[in-house]
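My notes follow in the order I made them.

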Amino acid sequence: MKQLDTLRETMRRDEVFSFVKPDANIQPITDRGVILSLEGVNKSFDGFKAINDLNMAIDAGELRCIIGPNGAGKTTMMDIITGKTVPDTGRVRFGQTMNLLGMSEPEIAQAGIGRKFQKPTVFEALTVAENLELAMQGDKSVWSTFRAKLSGSQQDYLGEVLETIGLQDGAKGRSGSLSHGQKQWLEIGMLLMQRPHVLLVDEPAAGMTHQEMDKTTELLTSLAGDHTVVVVEHDMDFVRSIAQRVTVLHQGHVLAEGSMDDVQQDQRVIEVYLGE
Ligand SMILES: Nc1ncnc2c1ncn2[C@@H]1O[C@H](COP(=O)(O)OP(=O)(O)OP(=O)(O)O)[C@@H](O)[C@H]1O
């Protein structure tokens, strides 16, 4: 009965899953090279410039870390990429040609840009596997998703994702019993069920133990290559452990970009961020 209540609750919240309805008009991104670009992007809130002539290009398969002080515009940048916030001016592109500014939030998600927020939103009363099943790509409603049996290839993919996130042994366990770190990995798994090209991950290391952080480093590193991974993070040890290329935002603008060593030695970065 409790399970049924949870499903009803899920149905009320199933706008989340309407994001993954296929749209025949949206072409997948297959090019290598730059997969995500922002050019001359500006966004003001009540006259305050949260994003100020932001220019950034991220290559397919990259693992990019975005760092910067509080209020630097990191969240606003993610909101702009995912269609949650519309910039005042500028261009945001997915691949060579797809103009993200002409698309709605669900269309952008469907095109292959997945976002994981800091706070896990797994359905705690459901099992790990059920959470993944719910997140699976398709045009089914939550009810029919549960009543329908997964196809063989869907089962295989679910198994692959369970292995990727290291939860294969706990697939039938209740998600509510998972540790904080495991919930974060499950949520990354839920994103993977939608087969995204780009994963935007907000503060994955927050609240994790060192051991969980190490596993998260491994997970995100293993996802890069086949996926493009963009991580916003404050924990500098974690950033150091995963970063290939780091972008430092300050006052809505790119202050520095390069390897972790490059940005750590940049006097401007030390002044506004690292020396805090
Ligand atoms: N909807 C909004 N209305 C008004 N101001 C906003 C809005 N969204 C963001 N801002 C402001 O824009 C600036 C950038 O905020 P943003 O949340 O993008 O920074 P951030 O780098 O993600 O910061 P943090 O590291 O603290 O999460 C902040 O000064 C914030 O107060």
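I first noted that this is a predicted model.

**Strand β9**

I began inside a strand and looked up which residue of β9 pairs with Ile 67. The bridge partner of Ile 67 in β9 is Val 248. I then followed Val 248 to the other side and found that it stands opposite Ala 256 in β10.

Next I checked the strands themselves. Strand β3 (residues 63-67) and β9 run parallel and are joined by four bridges. With strand β10 (residues 253-258), β9 pairs in the antiparallel sense, over five bridges.

Is strand β9 mostly covered or mostly open? I found that five of the six residues of β9 (residues 245-250) are buried, so I wrote it down as mostly covered.

**The sheet**

I then traced the strand order. Six strands form an open sheet, in the order β6-β7-β8-β3-β9-β10, and the pairing is mixed. Which strands stand at the edges? They are β6 (113-116) and β10; each has a single partner strand, so one side of each is left without a neighbour in the sheet. Ignoring direction, I noted that neighbouring strands of this sheet are turned by 20 degrees against each other on average.

Strand β7 (residues 198-202) runs parallel to β6, and four bridges join the two. In this pair, Arg 115 stands opposite Leu 200 in β7.

**Around the ligand**

I listed the residues around the ligand: Phe 45, Ala 50, Gly 68, Asn 70, Gly 71, Ala 72, Gly 73, Lys 74, Thr 75 and Thr 76. Sorted by kind, the shell has three nonpolar residues, six polar and one charged. Which helix gives the most to this shell? Helix α3 (residues 74-81) does, with three residues.

**Gly 166**

Gly 166 lies between α7 (152-164) and α8. Gly 166 has 16 other C-beta atoms within 10 Å and is partly exposed; a residue would need 20 or more to count as buried. I also compared its position with Gly 71, one of the residues around the ligand. Gly 166 and Gly 71 are 95 residues apart in sequence and 34 Å apart in space, C-alpha to C-alpha.

For the helices I kept to two terms: packed helices are described by the angle between their axes and the distance between the axes.

The axes of helix α5 (residues 128-135) and helix α8 (residues 180-192) come within 8 Å and cross at roughly 30 degrees. That makes α5 roughly parallel to α8, because angles under 35 degrees count as such. I recorded the crossing of α5 past α8 as right-handed.

I looked up α8 again with helix α9 (residues 210-223), where the axes are 10 Å apart and the angle is about 15 degrees. That makes α8 roughly parallel to α9. The crossing of α8 past α9 is right-handed.

How many of the eight residues of α5 are buried? Seven are, so α5 is largely enclosed by the rest of the structure. I wrote out the buried ones: Val 128, Ala 129, Glu 130, Asn 131, Leu 132, Leu 134 and Ala 135.

Conventions. Residues numbered from 1 in each chain as written. Predicted model: local features only at pLDDT ≥ 70, side-chain atom pairs only at ≥ 80, totals over all residues. Buried ≥ 20, exposed ≤ 12 C-beta atoms within 10 Å, placed from the backbone. Pairing = 2+ DSSP bridges. Near = placed C-beta within 6 Å. Nonpolar A, V, L, I, M, F, W, Y, C, P; charged D, E, K, R; others polar. Axes fitted to C-alpha atoms, helices over the stretch in contact; angles between N-to-C directions. Parallel < 35°, antiparallel > 145°, perpendicular 65-115°, else oblique. Left-handed = near helix turned anticlockwise from the far one by under 90°.
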